[in-house]
Amino acid sequence: MAKITKGAPKALSANRLKDGIVVFLTKGKSWSEDIQDVAIAKTPEEEQALLDTGASFAAINDIVDPYLFDVEQNGSEIKAAHIREHMRTKGPSVRKDLGKQAGT
Amino acid sequence: MYRYDEFDAQFVKQRVAQFRDQTERRLSGELTEEQFRPLRLMNGLYLQLHAYMLRVAIPYGTLSSKQLRKLARIADKYDKGYGHFTTRQNIQYNWPKLKDIPDLLDELADVEMHAIQTSGNCIRNVTSDQWAGVAVDEIEDPRGYAELMRQWSTIHPEFCYLPRKFKIAITGAPNDRAAVAFHDIGIKMKKNEADEIGFEILVGGGMGRTPVVGVTIKDWLPKKELLSYIEAIMRVYNMYGRRDNKYKARIKILVMALGIEEFRNQVEAEYDKIESPEVILPGEEIGRITSYFAPPEYQKLADTDIAYEEKRKADKAFASWIATNIAKHRVPGYAIANISLKPIGGIPGDATSEQMYAIADLAERYSFSEIRVTHEQNLVLPYVAKQDLYALWQGLVKHDLATDNLSLVSDIICCPGLDYCALATARSIPVSQNISERFADIERQKDVGELKIKISGCINACGHHHAGNIGILGLDKKGEEFYQITLGGSADDNASIGEIIGPGFSSDTVVDAVEQIIEIYRDIRQHKKETFLETYRRVGPEPFKEALYATD
Amino acid sequence: MPLIKNDTFVKDPWQYLGDEDNITNETDYVIVPLQRLTKEAGEFQSKISNLGAALPNDQDLQNLKPFLADVKLVALNFPKFADGRAYSQARLIREDLGFEGELRATGDVFPDQAVSMMRCGFDAFEVSENVPLETWKRAVEILNHMYQRSYAVSGDNIRM
């Protein structure tokens with residue numbers, strides 16, 4: 001996972017256990033494949049709350065390896081700050097027909 | 001090629017059953033991810049950037065048409081219609097679901113294939129020369145010994161929890177096409193003074209963050225002692241290899257720390273404790289296994305085929321493909337046909353299921369149903385009669401498989417990089433695609449001549465950049481992709497590690513830099529036959545540095 | 001720690017003796033760290049009839065050699081599942097040093113590794129409290145075909 005910056009807004013990502021697909025923790029404490037649905041943490045307390053929720057889902061084997069990553073907000077659009085995490089929100093840049101960007 | 005007997009079939013079926021049990025225990029929560037991770041890795045299953053990735057072993061790169069069809073079917077049924085051939089002669093699927101893996105493995109077992117030990121800190125898929133058995137320079141076909149090592153290393157009770165992964169390669173020819181000097185153990189078949197064929201054993205080679213060319217630990221080893229000698233090396237490594245730091249855990253670090261003399265002494269001391277080589281490798285087993293690799297039933301053909309020669313004269317595109325992609329065969333009238341998986345602007349090593357089916361059919365028709373996978377991420381049909389080459393080529397053209405670029409600029413080794421890999425620091429495929437597009441004109445590539453470009457998306461060097469004549473390493477510099485260039489690396493029998501040429505380049509400028517390096521080479525080569533590597537070895541880095549970093 | 005031998009839980013008569021624990025004439029069935037055993041060899045050899053030795057996995061086996069005739073048990077350690085040094089130690093203790101007493105696996109002993117451990121010469125396994133015997137047995141039975149010869153295992157299921 002990419003390095004995170006102290007103080008930057010953050011969201012929580014993981015992979016679904018059953019199929020490995022990248023998912024993001026939503027405000028409603030469920031998991032979405034779309035980064036636009038994420039819950040954003042702006043304080044250390046909110047970050048911890050995301051991590052705790054992630055850990056509780058990992059403990060019941062819904063998802064694996066939850067971790068925080070930096071996000072940027074442009075108006076209503078949410079984007080991963082680092083290229084690595086951005087790739088996870090889209091899919092392989094060399095196969096635009098695959099991954100989340102394929103709009104499946 | 002090797003065929004499973006009752007024993008092998010039963011073994012692989014049991015291994016699938018074991019993994020099915022482990023998968024079910026994971027899905028039910030009986031196993032935690034921490035417990036399951038090493039178990040799934042032992043069976044080639046990674047969790048990558050976007051999804052799970054399954055790496056299937058293609059032992060020493062040999063496949064039958066039936067097996068390749070199964071790989072195609074798996075791509076369609078469990079994945080997204082394609083697969084990626086790797087530098088270790090494996091194939092990777094990028095999108096399988098954990099819950100489907102046991103069924104997928106059952107289907108593989110039906111065609112005598114598996115994913116055992118394609119990951120984890122164990123002995124990985126044993127690799128070899130893709131031209132084994134057909135190369136003109138070969139001393140002996142190494143595949144029987146590769147198969148012996150495959151069997152011996154499979155779920156070896158002592159060597160499945162090594163300090164780090166362990167890679168073995170073997171070649172039967174003096175011209176090394178298997179990069180043996182860059183393996184933990186590299187094996188070269190060779191004759192001793194009495195003209196007996198045995199093995200030279202190299203140890204401690206590798207890439208990664210500490211690239212090392214392997215050194216000779218045994219100048220000549222009798223065939224029957226192969227497994228016992230390797231067992232002694234493995235035992236020393238298992239007991240004394242570092243486990244405190246994963247970046248210092250490969251055998252090369254142990255060999256360097258002890259020095260080759262002391263390491264050899266320790267191996268010999270362990271070797272002396274092994275009762276007798278016969279216990280580990282019964283003599284009849286060598287004969288039984290090597291007999292599977294007898295040559296196919298070749299036709300008796302004249303070495304020159306008139307119709308083929310006429311086609312070459314008449315069809316320029318065909319002639320160009322012949323000139324680049326065909327290698328001389330040891331049997332008169334036959335040729336080794338290399339299939340490039342590097343179309344201009346394509347993803348190196350990727351093949352669609354449709355292409356896999358097509359190649360399986362062509363191999364069935366023209367190459368005794370056999371296909372080889374190369375560490376340079378291409379495929380080979382090893383037994384094509386010259387009279388069939390034109391028909392084969394036409395078949396390849398139909399499926400975009402006739403790119404005439406073998407060993408040229410656009411025949412690039414490239415890891416999946418940040419497009420797929422969780423460890424990557426930068427993308428590698430787009431760089432490869434851009435270089436390939438820049439040199440789309442094959443005549444220009446031919447004018448440049450043999451040139452090995454190798455690209456890795458992180459320091460782990462899966463794209464072999466250290467061994468590239470031009471090596472490119474993708475790094476992350478404050479969130480931006482950034483590429484370091486090395487020159488002068490080579491994976492052949494005169495192996496060398498590339499030297500960093502200077503400060504790195506951005507993704508916008510790296511292709512220009514590569515082009516500039518190639519243009520400098522064209523200017524300073526002594527004649528058209530002097531390859532890039534020869535020129536570099538003659539002149540060193542200076543002319544390239546001057547041009548790349550000139551401050552005018 | 002529960003102890004498994006011959007695929008079933010058994011009562012463990014042995015105790016570990018720490019560096020500070022005193023021994024008396026009644027002391028018996030104790031597993032002693034090899035380092036202490038080396039220092040107080042005479043004392044242990046004269047007073048204790050059932051003696052065991054515990055080795056860390058980076059211990060040179062030459063240090064165990066002088067005691068092999070006296071010890072009835074050798075305990076080897078897997079500090080972590082993935083640390084496989086004790087597999088090699090076990091093979092050497094059985095095959096090179098010829099030890100025929102109990103060879104015990106301790107530490108992170110995971111059912112899925114049991115078969116490899118047995119094939120290297122282990123015959124006793126200290127497992128964590130939450131390993132069901134059923135899981136252990138299934139892990140042992142599920143894969144019985146092997147390519148290599150190995151300790152105390154032979155027959156049609158072994159290839160070489």
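These legends walk through several close-up views of a predicted model.

View 1. Let's start with the chains as a group. There are 2 pairs of chains that touch, and the pair with the most contacts is chains B and C. Chain A and chain C share no contact, and their closest C-alpha atoms are 17 Å apart.

**View 2. The contact between chains B and C.** How many residues does the contact take from chain B and from chain C? Chain B provides 32 residues and chain C provides 25 residues. On the side of chain B that touches chain C, the elements giving two or more residues are helix 1 (6–27), helix 2 (33–41), helix 5 (143–153), helix 6 (226–240) and helix 9 (277–280) of chain B. Among these, helix 1 of chain B gives the most, with 9 residues. Sorted by class, this side of chain B holds 16 nonpolar, 9 polar and 7 charged residues.

**View 3. The contact between chains A and B.** Here 20 residues come from chain A and 21 residues from chain B. If you look at the side of chain A that touches chain B, helix 2 (residues 83–90) of chain A gives the most, with 4 residues. That side of chain A is made up of 9 nonpolar, 7 polar and 4 charged residues.

View 4. Strands 6 and 7 of chain B run parallel and are joined by 2 bridges. In this pairing B:Thr127 sits opposite B:Ala169 of strand 7 of chain B.

**View 5. Strand 8 of chain B and its two neighbours.** Is strand 8 of chain B enclosed or open? Of the 7 residues in strand 8 (residues 185–191) of chain B, 5 are buried, so this strand is largely enclosed by the rest of the structure. Strand 7 (residues 168–171) of chain B pairs with strand 8 of chain B in the parallel sense over 4 bridges. Strand 9 (residues 197–203) of chain B pairs with strand 8 of chain B in the antiparallel sense, over 7 bridges. Find B:Ile187 in strand 8 of chain B: this residue is the bridge partner of B:Ile170 and also stands opposite B:Ile201 in strand 9 of chain B. The hairpin of strands 8 and 9 of chain B has 5 residues between the strands, and B:Asp195 takes a positive phi near 70 degrees there.

**View 6. Two helices packed together in chain B.** Helix 1 and helix 4 (residues 101–110) of chain B pack at an angle of about 175 degrees, and their axes are 9 Å apart. Angles over 145 degrees count as roughly antiparallel, and the two helices of chain B are therefore roughly antiparallel to each other. Residues of helix 1 of chain B that meet helix 4 of chain B include B:Val16 and B:Phe19, while those on the helix 4 side include B:Leu105 and B:Ala109. By class, this helix contact has 7 nonpolar, 1 polar and 3 charged residues.

**View 7. The nonpolar cores.** The largest nonpolar core has 145 residues, and B:Ile170, B:Ile201 and C:Ala53 are among those with the most contacts inside it. Helix 6 of chain B gives the most to this core, with 10 residues. Leaving aside residues up to four places away in sequence, C:Ala53 touches several residues, including C:Ile31, C:Leu64 and C:Val74. A second, separate core has 85 residues, including B:Leu71 and B:Ile322.

Note on methods: Residues numbered from 1 in each chain as written. Chains lettered and ligands numbered in written order. Predicted model: local features only at pLDDT ≥ 70, side-chain atom pairs only at ≥ 80, totals over all residues. Buried ≥ 20, exposed ≤ 12 C-beta atoms within 10 Å, placed from the backbone. Pairing = 2+ DSSP bridges. Contact = placed C-beta atoms within 7 Å. Nonpolar A, V, L, I, M, F, W, Y, C, P; charged D, E, K, R; others polar. Axes fitted to C-alpha atoms, helices over the stretch in contact; angles between N-to-C directions. Parallel < 35°, antiparallel > 145°, perpendicular 65-115°, else oblique. Core = buried A, V, L, I, M, F, W, Y, C linked by C-beta atoms within 7 Å.
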